[in-house]
Amino acid sequence: MTLKFSDIKPILLQEHYVKPEVLEEAQAIETSGRSSAIEYLLSQGHLTSELLGGALAEYYHVPFVDLTRVPPSSEQISRIPEGIARRYRVVVVGERGRVVTVATDNPTTPGLKTQLTSVLKSKSLRLAYALPEAIDGVLRQTETPLEQR
């Protein structure tokens, strides 16, 4: 589930990431159809991708992982089968001892933790938030070539 601006707006407001009047301006821009509110906030410098990711991670009560700054290795990407990675929009981003950190753009997806626990076997699971665009970029790397499908 991708959050809509109406979902994100209270998060940004409550945590004082963006001034109320700027959020109203962004809402008006979106309502007029000129741009999405988030794109407007980003393009006008009222918000950065890192702040947006941090705000959403805070909302989900998980850490934020910027996959564009610290991309997962091909080994990490291959830890979760492609079909599961795509369905749940997940990628392994770290492992320390028995704890595996998995990034997703929706930590509340039903069945996510159960599926990941099954795939990762006896490892403990730690979820993190990554922006949808970053998850999309990683998932593009996992695409099976047509000749192998």
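Residues are classed by relative accessible area as buried (under 20%), exposed (over 50%) or partly exposed (in between), with a 1.4 Å probe and protein chains only. By this criterion His16, at 70% relative accessibility, counts as exposed. The structure is a predicted model, in which local features need pLDDT of at least 70 and side-chain atom pairs count only at pLDDT 80 or more, whereas totals for chains, interfaces and linings use all residues. Residues are numbered from 1 along each chain as its sequence is written, and side-chain values use heavy atoms, with hydrogens and water left out.

Confidence was examined through pLDDT (the predictor's confidence in each residue, from 0 to 100). The mean for the protein is 90, and 93% of the residues reach 70 or more. Among the elements, the lowest mean pLDDT, 90, belongs to helix α1 (residues 5-14), and the highest, 96, to strand β2 (residues 99-104).

The protein contains eight helices and three strands, taken as DSSP runs and numbered from the N terminus (helices: H or I, at least four residues; strands: E, at least two). Read from the N terminus, the order of elements is α-α-α-α-α-α-β-β-α-β-α. The C-alpha trace spans about 50 × 35 × 30 Å along its principal axes. Of the 149 residues, 40% count as buried. With a contact defined as heavy atoms within 4.5 Å, residues 24 or more positions apart account for 57% of the contacts with a separation of 6 or more. The accessible surface (Shrake-Rupley method, 1.4 Å probe) comes to about 8800 Å², and carbon and sulfur atoms contribute 51% of this area.

In general, an α-helix has 3.6 residues a turn, so residues three or four places apart point the same way. Helix α1 is followed by His16, whose phi is positive. The phi of His16 is near 60°, although this residue is other than glycine, and His16 lies in the loop between α1 and α2.

The charged side chains comprise 17 positive and 18 negative groups, and the centres of the two sets lie 8 Å apart. In this count Lys and Arg are positive and Asp and Glu negative, while His and the chain ends are not counted; the place of a charge is taken as NZ of Lys, CZ of Arg, CG of Asp or CD of Glu. Side chains of opposite charge can pair when their charged atoms come close. The structure holds seven salt bridges, each defined as a side-chain nitrogen of Lys or Arg within 4 Å of a carboxyl oxygen of Asp or Glu.

One of these salt bridges joins the side chains of Lys9 and Glu24, with an N to O distance of 2.7 Å. The pair links distant parts of the chain, with Lys9 in helix α1 and Glu24 in helix α2 (residues 20-32), 15 residues apart. Lys9 is buried, at a relative accessible area of 17%, whereas Glu24 is partly exposed at 45%.

A salt bridge is also formed between Glu95 and Arg79, whose closest N and O atoms are 2.5 Å apart. Because Glu95 lies in strand β1 (residues 90-96) and Arg79 in the loop between α5 (74-77) and α6 (82-88), this pair ties together parts that are 16 residues apart in sequence. Both partners are partly exposed, with relative accessibilities of 41% for Glu95 and 28% for Arg79.

In the salt bridge between Arg89 and Asp105, the closest N and O atoms are 2.7 Å apart. Arg89 is placed in the loop between α6 and β1 and Asp105 in the loop between β2 and α7 (112-119), so the pair connects parts that are 16 residues apart in sequence. Asp105 is buried, with a relative accessible area of 9%, while Arg89 is partly exposed at 23%. Arg89 also has a positive phi, of about 55°, although it is not a glycine. Finally, Glu50, Asp66 and Arg69 are linked in a network of salt bridges.
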